[in-house]
Amino acid sequence: MLRAVVRGSRLCPALLRAPFSAAAASPIPAPNPRPDIAYNKIFINNEWHDAVSKKTFPTINPATGEVICQVAEGDKADVDKAVNAAKAAFQLGSPWRRMDASHRGKLLNRLADLIERDRAYLAALETLDNGKPYAISYLVDLDMVVKCLRYFAGWSDKFHGKTIPLDGDFFCYTRHEPVGVCGQIIPWNFPLLMQAWKLGPALATGNVVVMKVAEQTPLSALYVASLIKEAGFPPGVVNIIPGYGPTAGAAISSHMDIDKVAFTGSTEVGHLIQKAAAESNLKRVTLELGGKSPNIIMSDADMDWAVDQAHFALFFNQGQCCCAGSRTYVQEDVYNEFVERSVEKAKARVVGNPFDFKTEQGPQVDEEQFKKILGYISTGQREGAKLLCGGNPAADRGYFIQPTVFGDVQDNMTIAREEIFGPVMQILKFKTIEEVIERANDSKYGLAAAVFTKDLDKANFVSQSLRAGTVWINCYDVFGAQAPFGGYKASGNGRELGEYGLEAYVEVKNVTIKIPQKNS
């Protein structure tokens, strides 16, 4: 999902292309492929609990299909406990409510310090539970986690109200007050990073949190819970529940004492969450959902760079990115060259053990995703798309899939309409700029898009014409905590990151005071 900034310089495509062949000269510590599992229970009120039901579920190593450990399975009863703890932490006069805003920032910075201290361990844990290459976990995900927390730490005492020159003898001002108890439901593709995206703005603005982590990848988020306590956050401010969507997630969405819910995941589940929020207490909802993002390659683009970036846009993180460039539109006079070079690049992609520094692509997150992606590949072939490479499992065990490229893809094909969320590239041909804009916008999604061209006028015209929350020009997956991210249409509502990302976590209160005499 992320073109990361690592020690001030962008993680270059060459590094992604031959990942970490110079790792011996890099600062990445050698991984421990069997990190100790310290935490596998529910975190409520700064304490560890078994599930009320005493149930557990297995979390699986996607590289082998083997069980890593059993994890406490939270459900409605555990959500109720967590909400009660959060409400107590949010009471008027509580340590959290009376804490200086600058001190909230200090706690977030402390948390970032602790994550930096344990960076290698967290990267190994993320790779074990999620399957992404360890070098990516260490260099990209953990780097972005720390930067996100530090960014929102800086906002803690700077996002404030205004005085308003109301007519008459009145003094009028606004306060930015925390919304209250925030339910947060995070996905499995970037577990640590999505946790930071949610916690950063919520805590900076003084809210309390009940977070459900994905059942596929609970381990790194639970370890961060221990660091939250170590950093000094008061009990009940952050509560973390591993569990399933239909039970724990549904309980959060419909809870009468949760004031806001934030969700990152599929559009299908986003519909359910918005409906549950409306039918319960009309809680605030922000949703970052699916995408089928168009990546437009004009004939005047720098071909080397465009091929490299289009490959990165689709295959990064095993293709498990909501904003993946999954509809690659190529102008007809460079189409054949682009396809040939893209196939060569996909065939050269190294798939294997995610703890090996040579590996560019690890396994898909679980068996369900593995089978779903292979099903989409079969559908693409059946509907007439031309399979140019890949299309099969890439190993005898684990959930590895060969980097796959389809050519001759048509807009009405299933693989061009639906989110595959895997290492499957679809390349489509277009003639004119007007045509490709119309086709690119002909989707229920509107999360991200990109255009590659040397013509600035074309770039501006396309970027202004595309119905997407983020448009990249001559680049892809460039993210920073300073810049907002979110979608149009069925890709969700609201924005995360940047100053815009704070807005969903505050109520704006207007206060007007009668005064004897107003003076300018």
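Colleague: How do the residues of the lining of the largest pocket divide into nonpolar, polar and charged?
Modeller: The model is predicted, and the pocket in question is lined by 41 residues. Gly counts as polar here, so Gly 265, one of the residues nearest the centre, falls in that class. The lining divides into 19 nonpolar, 11 polar and 11 charged.

Colleague: Which element gives the most to the lining of the largest pocket?
Modeller: Four elements each supply at least two residues: α9 (245-254), β12 (260-264), α10 (267-279) and α13 (367-382). Among the residues nearest the centre are Phe 263 and Val 269. With 6 residues, the element that gives the most is α10.

Colleague: What is the volume of the largest pocket?
Modeller: Trp 188 and Ser 266 are among the lining residues that lie nearest its centre. The volume of this largest pocket is about 1100 Å³.

Colleague: How much space lies in the second largest pocket?
Modeller: Its lining has 22 residues, and those nearest the centre include Arg 104 and Arg 175. These residues divide into 8 nonpolar, 7 polar and 7 charged. The space in the second largest pocket is about 430 Å³.

Colleague: Which element gives the most to the lining of the second largest pocket?
Modeller: At least two residues come from each of α3 (95-98), α4 (101-117) and β8 (170-178). His 176, Glu 177 and Pro 178 are among the residues nearest the centre of this pocket. The element that gives the most, with 5 residues, is β8.

Terms used:
Residues are numbered from 1 along each chain as its sequence is written. This is a predicted model: local features need pLDDT of at least 70, side-chain atom pairs count only at pLDDT 80 or more; totals for chains, interfaces and linings use all residues. Side-chain values use heavy atoms; hydrogens and water are left out. On a 1 Å grid over the protein atoms alone, a cavity is a set of points where a 1.4 Å probe fits but cannot get out, and a pocket is an open set with protein on both sides within 12 Å along at least five of seven lines; lining residues have an atom within 4 Å of a point. Grid points are joined across faces, edges and corners, and a volume is the space filled by probe spheres set on the points.
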